[in-house]
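The sequence and structure come first.

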Amino acid sequence: MDYPSKILAKAVDEISGLPGIGKKSALRLALHLLKQPESQAIALGDALKKLVTDIQYCKECHNFSDFEVCEICASAKRNTEQLCIVEDVRDVMALENTGKYTGKYLVLGGKISPMEGIGPNQLNISAIEKKLGNTEIKELIFALSATMEGDTTAYYIYKKFKNSGVKFSTIARGISVGDELEYADEISLGRSIQNRVPYNERE
């Protein structure tokens, strides 16, 4: 497509690089921004810049944070005896939206997937060992996707830490096998975390 402006063409190229946005959608978004007050486009640009320059990973749980320690880890109201293991930051947001879980989290940053070349050393599994040694955790809760990779990851962690003296549980299978956690509805996800069951290596 020919554009009347190289500046517009560059903006369309950058916007179309986002997931699920093609050239036509990118052009519509760019033209929409041009019709808005200049301050609105500048505010959007500033927000995107801060997103990549100022956001941090919580040093305790690896969740996104504005500070060195996220609000969840810093809260005195959270149950420090429970640690919920999730794959992604989006899973933390999904569980928090249920309002049913009051413990702490640890974000692995993915799941073991030999097909994609992702092994245990590429995940934040070592952080679990550190937490078990320095905190009062009594229960590890697996809130991982009900997929082969999710089950493999849970099994690996269980085998690695099964002699640590903590209880292992996993969210109840109100989440369908094969489903990604972030797409589950809040009611099903809330029931799953409340009705979690003991994690058994024979599952």
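Leaving aside neighbours within four places in sequence, Phe168 is in contact (heavy atoms within 4.5 Å) with Leu140, Phe142, Ile157, Tyr158, Phe161, Lys162, Val197, Pro198 and Tyr199. The model is predicted: local features need pLDDT of at least 70, side-chain atom pairs count only at pLDDT 80 or more, and totals for chains, interfaces and linings use all residues. Residues are numbered from 1 along each chain as its sequence is written, and side-chain values use heavy atoms, with hydrogens and water left out.

**Nonpolar cores**

- A nonpolar core is a set of buried (under 20% relative accessible area, 1.4 Å probe, protein chains only) Ala, Val, Leu, Ile, Met, Phe, Trp, Tyr and Cys residues joined through side-chain atoms within 4.5 Å.
- The largest nonpolar core has 21 residues, of which Ile85, Leu108, Ile128, Leu140, Phe142, Ile157 and Phe168 touch the most other members.
- At least two residues of this core come from each of strand 3 (79–86), helix 6 (126–134), strand 5 (139–142) and helix 7 (148–161); helices (H or I, at least four residues) and strands (E, at least two) are DSSP runs numbered from the N terminus.
- Helix 7 gives the largest share of this core, 4 residues.
- Another core, of 20 residues, lies apart from it and includes Leu95, Ile141, Ile171 and Leu189.

**Ser16**

- Ser16 sits in the loop between helix 1 (6–15) and helix 2 (23–35) and is buried, with a relative accessible area of 18%.
- Not counting residues up to four places away in sequence, Ser16 touches Ile21, Gly22, Lys23 and Ala26.

**His62**

- His62 is not a glycine, yet has a positive phi of about 70 degrees.
- The loop between strand 1 (56–57) and strand 2 (64–65) holds His62.

Terms used: Buried < 20%, exposed > 50% of the residue type's maximum accessible area, 1.4 Å probe, protein only.
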